[in-house]
Structures are given as C-alpha cells and as structure tokens.
Amino acid sequence: MLFNSLDFAIFLPIVFLLYWAIGGKQIRWQNILIVCASYLFYGWWDWRFLILIVFSSFLDFSIGQLLTKQLVPSKRKLLLWSSILVNLGFLGFFKYYNFFLDNFVNAFSFFGMEINANSLNIILPVGISFYTFQTLSYTIDVYKRKLEPTKDIVAFMAFVSFFPQLVAGPIERATNLLPQFTKVRKFDYSKSVDGLRQILWGLFKKVVIADNCAEYANIIFNNSAEYSGSTLVLGAVFFAFQIYGDFSGYSDIAIGTSRLFGFNLKQNFAFPYFSRDIGEFWRRWHISLSTWFRDYLYIPLGGSRGSLLVKIRNVFIIFIVSGFWHGANWTFIAWGALNALYFLPLFIRNKNRQNLDVVAENRFLPSFKEFLAISSTFGLTVFAWIFFRAENIGHAFDYIGQIFSKSLFRFPAFKKDELIGPLLILIVVFLLIEWLGRGQQYALERLGLNQPKIVRYAFYYAIVISIFWFKGSSQQFIYFQF
Amino acid sequence: MKQFVTKLFFFAFIYVMISIVTSYFGSYHWGNPWYSTKVQFLESQKTVAINTCFFGSSKIYRHINPAVFDETLNSGEDKVITSFNFGAPATFNPQTYYLYEKFLDSKLAEGVRYCFMELGQVDLLSDKMLHQDRTNYWQNISDLIYVQKSVYGNKDLTLSKKMNSTRNYSISYMEKVLFLGTLRQSMLSENYYDAQYLGEAKNGFFPLEMELEITNDTVVKNSLFNRRMNFEADNAILNRRTDRLTKFYATSSSYFDVVNFQRIKKLILKSKERGIHLIFIVSPLSTNQKLINLSKQIPDMNLIDLCDPIKYKDMYVVENFFDKGHLNSKGADIYTELLAREFDRKILKNR
C-alpha cells in the first residue's frame, strides 16, 4: 500500500479510529491491532512475503530470549551469529543472489572459462533491507546487554512490522522503539496535529517535488545521448530533488503517521542539501542508516582508532557497504566509493565534524562563505547521484562524458518543456520553506505557528491544493526497491 | 480526540467544497481527449451548422463516416443532413449518457435535430480502468447510483463481480471529488486537444487503418499493428461471434436491464424536449443477449438495429474488418450507407 494512494487514505483513518477506540490502557489489544494492520498494509503488496516477516520476528524474539538465559560467551556468540546469518542470508538471497552469480560467471568468462549458471527470477520483498536491519539491531543490542529482551511477543512483532516505517524506514533501533510498545499511549492532541503537519509536508515533498522531478529526470537519464551537457546537469539536479523529496517525504509521512498513534520515531533527514561539507551531509542524510552502520559496522571495525590506513579502510568499507545496501549494482558501489573519496580529505585532516550546528543560525541569509560551501557540497552530491541513478557504470560515465562536452554551454532544452518553468518555481518555493524551517525536525514544524489562525490555515490549504494541482504522474517510492 | 476528529473533518470538508467549486470552472469533458478535441473544435468554429450527431464508443468513432452519411441523404443542392461524429474510444455506458446529457445542455445542441447513440450495457469498470482521467472525469453521484442499481439488478453477475464494480466506481468517484492530481488537468482543456482525432475530413471520423498509418505514437502504432496482424492470422473469431449473434436473435428471451431502459426513456424524453430525435443504434458485433432484448423494448422510431447477421450479411464479411471488433474504412462506408438508408426509410420519410 502506498502512502500516496486512496487505499492508504481509507486504511489510515479506520486504523486510527479503531486504535484509539480500544483505549490507551489496552496496550496489548492496541499492539495486536498494529500487527494486524501492519500485515494488511504489507500484504496489500504481496501477502506471500509476510511469511518472511513472521519468521524473522519469531527467530529474533526466540534468540533474544535464549541470549538472556545463556551465560556461556561462545554459545551466546553462536546465537548472535545464527541470527545475523539467517537474517542476512534472506537479504542476500533475495537481493544479491543474481548479482553475485552474474559477476561470478563474468569473472570466469574473463579468464576464458565458460560456466553455466542460470539467474533466478527472484522478486525482491519490499522493505526487506529495512526490517532486517531493525531486527538485527535488536539481537545485537541484546547480545551486548544494551537492551533487556522483551517477553511480549506481540510487542516484538509490532516493533518489527510497525506499518508506518515497515517498507522504507526510518530504521528504528530497538532501544528507542520497542519500549514504546510496552508503555501506555495516550491520545495527545498537539502531537497528533504535529503528526498531520508532518504528513502534509511529506506528501508535498513526494507528490509535488519528487514525482514532478522524476518525470524530467527519467526522460533525461533514459535518453541521455540525445541531450546537451547543460540539460544533463539539470537532469542530475532534478534527480537530486527527486530522491530527496521521495525518501525524506516518505520518512516524514512515516514519522507523522507514527505520531498519530502516539509513537516517536527519530528524525531521518535534517535538511541535508544545506550541508556545508560532505561530513555534515552524511550526518543529515538517511540518519537512521548512517548511524546503524556507524554503530554496528564502523565502530566494531575499530572506527577512527588505529593507524591511518586502518581508518581509511574503515571509511571505505562503511561507504561501500552503505552503497551496496541500496542495491545489487556496481553503480551503488561506485556511488558509495565516490562519497568515501569526498569524505576522506575532511577525515584525514580531522575536519569532518566542524559543522555540527545549524547553518546561519538566527540569520535569514547565509554568509557568502557558507553559501559557497553549501553550493559546492550540493554540486558534489549531485555529481555522485549520477552514479546512483545510472543504469550501469558505462551509462554513468557516458552521462558524465556528455556533460563535459561543448554542449555544456548550450541553453538546456527539453522535449516536454511546458511545465519546466512551474517546476523550477516549485523547487525554489520548496527550498525556501525548507530553509526557513531548517532548525526544526521538519520544515513545517514551527513555521507560521505564531501567525493568526486564518493565515496558518490558508497556508495549509495552499499546500493541500498544490498537492492536488501539481501532482505528477504517480511514481513508486524509490526506496521501496532497497 | 473528539476535537481532533471534528477539526480534521471540517478541514477535509472545506477542501471538498473548494474542489467542487473549482470543478465548475473546468469543462465537463476534460478527461476524454477524443470527445474534448471534437467539442473544442466545433466551439472554435465561427458557424456550426451540424444538425445530426453520433455518440458512443469506437464502434461509432471508427464506423460512422459523416461524409458518406450526408452524401447518401442529401440529394443535389438540398442539404438535409450535416452530421458530425462525437464517438470516442471506450466511451461506454454511462459515460456516453453523461456526455450526451451535457451536450444537450450546451450551445452546440442548438440546431441539432437528430442524435444517434450506440446502445450499450452498463460497464462494470475493470481494474485496469482505475486511476485514469478518462475514467474519473465524468463520475457523479447520480450515475454512481444508476450503475449500482443496474449492477445489483443483474442476475447474470456473481456477487464478487458486483462488489468489484461497486469498489471501482466508488474509488473513481472519490478520486473525481477529491481531484486527486487532476485539478490542473481539469482546468486546462487544451491538455486534451489533438487535431488528429478529428480525422482527415474534420468530421470526427477516424478509421483505424488511417490511425495506424499516420500516428507518431509508437505504443499506439504497435498496438494497432498487433491487433491487425492477430486478426489476419485468425479471423475465425468473426464466424464464432456471428454464430453466437445468430443464436441470440433466434432465442426468445425477455430478460433485459430495466434500469438501463428507464434511463434510455428519460434520454429520449429529454432529447424531445430539446427538439432532438434520439435514435439508438445496435452496432454490428454487439454480442450480448440482454442488449438485444433491451433493443426490442425501445420504441421502433428510436431504434436502428444493424446487428442481425442474417439481415445484414455484408456487415460480417472478413474483408470489411480491421480487427476482431472493428470495421475498416470500406466496412465503415458500407455500414454508414446502410445506416443512412435505414434512417431515411424509418425516420425521415415518416416525418
């Protein structure tokens, strides 16, 4: 079920009313409702893959229980690794089997040996990368004794399958989300209104910005040989806004929806395109995934301790694995490696944590230096997105080669250009609103709250109408495929 | 909680009101590019002298050539009939009724004396038709009720088919009311203008082989090409359908869609009030027993039945077909002439 579908518009109010009709003190019944609603939400796409979620939930719940009883370190380790191997095994099979097989075959044929191996027609279960990481975080935290395992199987199943963030995150830590399933949830008016505001902003990002940008990005990337360098630059910029609007929009809707049910999810995007360097960008982009890799991969590898070579190795590993997490394609690995290259100069000079505050805090405009820093960081990320969006590495290099040609200085031209003007204006308005709200959890959080009610509501209606007016042709959320 | 739900309801209510108000600024035909093009074309003409119009699906659009129709009926200088084809692909019942009723209320209907409409059964609205402008733009509460009455009174349908139809119509209706992503399109009719749809003679007739020849849309071209090739490879389907039709005409059965019939009577009456004689056409290959039964209920002066394979053998000759469901230009010309002669015999000569 898509967040921007009529199905969800009917589903959400029904579940919301039932949930609060049960009453805040009936935690177990509320959790049962969440599990049922979540399975319905997921099964709407393909009910067969619910088996994976149920299996994963039972497995990690059981391992959590066994870990508390087991005191022998070697046996505890065995339990941990069995969870990791099974969970990553599913992920590896569904997501990476064909990739490894094809590369294996290609490697052999490179050395003149032909082997017969048939690719499988595997459907990637939606959200598998997200809920796998979420359940893994539980087992690892229990193993490390950072978290007491829950004895409530329903609460645990609700934690794994919680529908707002089941298919595209944010990847919640068990330490943050799981305890919320065992506490009494009371309806909170202001929290719910806040949730609705965040949903509204998320829909705007997805439906207006991402879907409209996608139309142009798709045309340009799919026919890149026919366009001038300047148009290809614009195509990459459109993709940058598409992926940001799409994914952060999804996160906003997920967080807002959770708030309607009395849950607090962590911020997943903190205005990354206003970052002043790549280090800051990665602290603000897909925060739940970055911190997951930091805590469960980077730090266990040694983090920033050890020799310079070890540190560089760790940086490369985390960026490449992060890229590979997005999909079984060399383009994602190249995207990760490129970001590692961007990051290393800052890291080696120990300047990767110099921009921890909000840019131009208490000022309306950034300084010229800040503006240059933001623009150059944005330019670097846009360049990296070319690898992310390209069909394959060859396509990415062709695209870049075409950009750096004489046609770079031609005026951009499109086959379908009647809406390009309004779209550029929309992007500017969007950036302005994001800029005004950059100190908050999401742009609309405090924006206009001190204005008269009529102004505030007129603003909200303007957003609603623009969603209906400028809605692009519906595109699936990009991160569903991850 | 109560305050939250109440406020949310009012917020949504005001939005629905806004969308209803804005819908009055759009055209009634905005989601149907073929029909929309034709209306816009006629409205842009300084003088519109048409007095005969055809409404319906591709079985009107691809089959009735107004040039042949006019030529057959007009002798010498005396121009009795000037016709125009408003047919559009997949414009089924009740969409056709909706468009026709709106047409009657429009300025274009002034001066029109005869209207022909394809007789069709209520469409169940398949899943593949969902979330499309052309499925949503005409939805309204009275047609929603009409469809439900017809569907639930249909004893040939299973409950699951009935329920699926209710679901699909309800979704489409809600999408229309909320203008999910269509507000802009509904206000900008030029989004739905393509001069090609008017046909070569700009009379609304556009035969399929002509479209196959001139279209630049590769998807449309490939689809038409495949349809043509499939028919050439296996045209026995035409014989099977003809046999079935022959049986239908031989069967004495009286079961028909009463709800549809009531609507037809209202349409005839409303047309009469506007000085228009409405004639329903049973097109060749309208393979449905209920539809044939329904046609028998319609007053003779409001019906022309050209479907019977025994009576109209020429209409079922392989050479006259483009694909398994549509006539080619030659077939269309034969059919149009036949229609004109039948119209002349039944209506014009009995005025």
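How exposed is B:Lys270, given as a relative accessible area? In this predicted model, B:Lys270 is partly exposed, with a relative accessible area of 21%. Buried means under 20%, so B:Lys270 falls on the partly exposed side of that cut-off.

Let's follow that lysine to its partner. B:Lys270 forms a salt bridge with B:Asp105, with 3.7 Å from N to O. The lysine belongs to helix α13 of chain B (residues 258-273), while B:Asp105 sits in the loop between α5 (95-104) and β3 (114-118), so this contact ties together parts that are 165 residues apart in sequence.

Staying in chain B, you can look next at B:Arg62 and B:Glu211, whose side chains meet in a salt bridge at 2.7 Å, N to O. Here B:Arg62 comes from the loop between α3 (58-61) and α4 (66-73), and B:Glu211 from helix α10 (residues 208-214), so the pair links parts of chain B that are 149 residues apart in sequence. How accessible are the two partners? B:Arg62 is buried, at 6% relative accessibility, and B:Glu211 is buried too, at 6%.

Now turn to chain A. A:Arg389 pairs with A:Glu391 in a salt bridge, and their closest N and O atoms are 3.5 Å apart. A:Arg389 counts as buried at 13% relative accessibility, whereas A:Glu391 is partly exposed, with a relative accessible area of 49%.

To place these pairs in context, a search of the whole structure finds 27 salt bridges over all chains.

How values were computed:
Residues are numbered from 1 along each chain as its sequence is written. Chains are lettered from A and ligands numbered from 1 in the order in which they are written. This is a predicted model: local features need pLDDT of at least 70, side-chain atom pairs count only at pLDDT 80 or more; totals for chains, interfaces and linings use all residues. Side-chain values use heavy atoms; hydrogens and water are left out. A salt bridge is a side-chain nitrogen of Lys or Arg within 4 Å of a carboxyl oxygen of Asp or Glu. Buried means under 20% relative accessible area, exposed over 50%, partly exposed in between (1.4 Å probe, protein chains only). Helices (H or I, at least four residues) and strands (E, at least two) are DSSP runs, numbered from the N terminus.
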